[in-house]
Amino acid sequence: MAAASSSDYNGCGAESNEANSKWLDAHYDPMANIHTFSACLALADLHGDGEYKLVVGDLGPGGQQPRLKVLKGPLVMTESPLPALPAAAATFLMEQHEPRTPALALASGPCVYVYKNLRPYFKFSLPQLPPNPLEQDLWNQAKEMSLPSVPVFLEVSGQFDVEFRLAAACRNGNIYILRRDSKHPKYCIELSAQPVGLIRVHKVLVVGSTQDSLHGFTHKGKKLWTVQMPAAILTMNLLEQHSRGLQAVMTGLANGEVRIYRDKALLNVIHTPDAVTSLCFGRYGREDNTLIMTTRGGGLIIKILKRTAVFVEGGSEVGPPPAQAMKLNVPRKTRLYVDQTLREREAGTAMHRAFQTDLYLLRLRAARAYLQALESSLSPVSATAREPLKLHAVVQGLGPTFKLTLHLQNTSTARPVLGLLVCCLYNEALYSLPRAFFKVPLLVPGLNYPLETFVESLSNKGISDIIKVLVLREGQSAPLLSAHVNMPGSEGLAAA
């Protein structure tokens, strides 16, 4: 049974939206009776004829009657029962001579079954059978790697003989990253929720969590970005378009959407009639860019990416921005503009030299002023590492009485500061301070200490001046830092 399904699926409006979609609707069968997840889907040229087939490890309805299915196009080509539920499927090359037809490895229960030409070839029971002697050294080295919890998702990059990284998402909600020579995890990424998927896109680890969000991490565990999803994440997989060098993450959501992200930028949204539980992208049949999806109800959806489709951030169409087509209202060239242009053309070298001279003088004056501020402690922030202090002053009130609050903070990481004094210098003809000199208590690192005093304005003409606040150490004459407080005019005296 085949039906139309568009990227903007809305029932009767599906055909009208197909022309605006980046995808061609190849096949939709809601009664395909395929129940699986992304790890049990694989695309491979099983017969070496250039025709790629779809291998499905089918769980069966309700987890009963698991089967191995091979699809060619929309039809099931072969079907064979499995002794236990499948866990993962992958294809690999066993032989070096031509034609190099891939073999199929299927994990089912405690065994790994290897199929060649769609017939049972090997059966590896874990862990009863001993490993291959040629791989004994590899397993011995891998055995030395230990994790604090049971892994549920693995992502490997690199080569074993040169350098490789192994990222394991575990059931304790953490992601552990191991390297070639490390027996224990080198880095640990602590998630706030359980992971539901782990995909590597170039050098970024993309993790889906049960908090309906995607997270991007580096291989050293640094978080790069977070994107919130509109619904729960059911499945994740990698979209790799070799012709354009594109790698992106596909996420199937519980609301019937399939979202495609490159980093945190949304590239495309596909609407499906049912929630998608598995995703697979690659060459199928003779089409290079085919998207295969299975739904919660057992349906099968096959879409083909248009050859002219280009993914851009935000899902917008390719082309120049609309503002580029707007004409600018350019004014006419005046006589003054023409004369100025001629003068700049004739004296361009001299003008550039004059500009450079003024720029160097500006930099020199700024450096001298900065050096003077450091030598005279005119900065509100201490420049020495032995006395890491920061001073901030706040004036409150309308006058003639003002409240002066000095916020003093010890910016050291662990060392407290003791034995400091605060002194206020002011014009005694304009102001009166009942407390112009006081001791500072012990400054604990990281805390803000407010020191309050009152300022009485003595002038009845609304004249204001600067009050200098100095922070000193006992027994030293040079201040550690200072602040100039610009006092406001007394509005109370002016109104009177």
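The model is predicted: local features need pLDDT of at least 70, side-chain atom pairs count only at pLDDT 80 or more, and totals for chains, interfaces and linings use all residues. Residues are numbered from 1 along each chain as its sequence is written, and side-chain values use heavy atoms, with hydrogens and water left out.

**Stop 1**

Select Gln65, which is found in the loop between strand 3 (53–58) and strand 4 (67–72). Strands here are DSSP runs of E with at least two residues, and they are numbered from the N terminus. Gln65 has a positive phi of about 55 degrees although it is not a glycine. With a relative accessibility of 61%, Gln65 counts as exposed (buried means under 20% relative accessible area, exposed over 50%, partly exposed in between, with a 1.4 Å probe and protein chains only).

**Stop 2: the nonpolar patch**

Next, select Phe92, Met94, Tyr121, Phe122 and Phe124, which make a nonpolar surface patch of about 450 Å². Patch residues have over 30% relative accessible area and no salt bridge, and nonpolar side chains (Val, Leu, Ile, Met, Phe, Trp, Tyr) are joined within 5 Å, like charges within 9 Å. A salt bridge is a side-chain nitrogen of Lys or Arg within 4 Å of a carboxyl oxygen of Asp or Glu. Accessible areas come from the Shrake-Rupley method with a 1.4 Å probe, and for residues only the protein chains shown count as cover. Strand 9 (residues 119–125) gives the most to this patch, with three residues. Phe124 lies in strand 9 and is partly exposed, at a relative accessible area of 40%.

**Stop 3**

Move to strand 12 (residues 174–179), which is mostly covered, five of its six residues being buried. On one pairing, five bridges join strand 12 to strand 11 (residues 163–170), and the two run antiparallel; two strands pair if DSSP finds at least two bridges between them. Strands 11 and 12 form a hairpin with three residues between them, and Gly173 in the turn has a positive phi of about 85 degrees. Strand 12 also pairs with strand 13 (residues 187–190) in the antiparallel sense, over four bridges. Select Ile177 to see both pairings: Ile177 is the bridge partner of Ala167, and its bridge partner in strand 13 is Tyr187.

**Stop 4: the sheet 14-15-16-17**

Continue to an open sheet of four strands in the order 14-15-16-17, with antiparallel pairing. The edge strands, strand 14 and strand 17 (223–228), each pair on one side only. Neighbouring strands of this sheet are turned by 20 degrees against each other on average, direction ignored (axes are lines fitted to C-alpha atoms, for helices over the stretch in contact, and angles run from 0 to 180 degrees between N-to-C directions). Strand 16 (residues 213–217) pairs with strand 17 over five bridges, and Leu214 stands opposite Val227 in strand 17.

His202 lies in the loop between strand 14 (195–201) and strand 15 (204–209). His202 has a positive phi of about 55 degrees although it is not a glycine, and at 48% relative accessibility it counts as partly exposed.

**Stop 5: the sheet 25-26-30-28**

Finally, select the four strands that form an open antiparallel sheet in the order 25-26-30-28. Strand 25 (389–396) and strand 28 (431–432) stand at the edges with a single partner strand each, so one side of each is left without a neighbour in the sheet. Strand 28 is joined to strand 30 (residues 448–457) by two bridges, in the antiparallel sense. Ser432 stands opposite Glu456 in strand 30.
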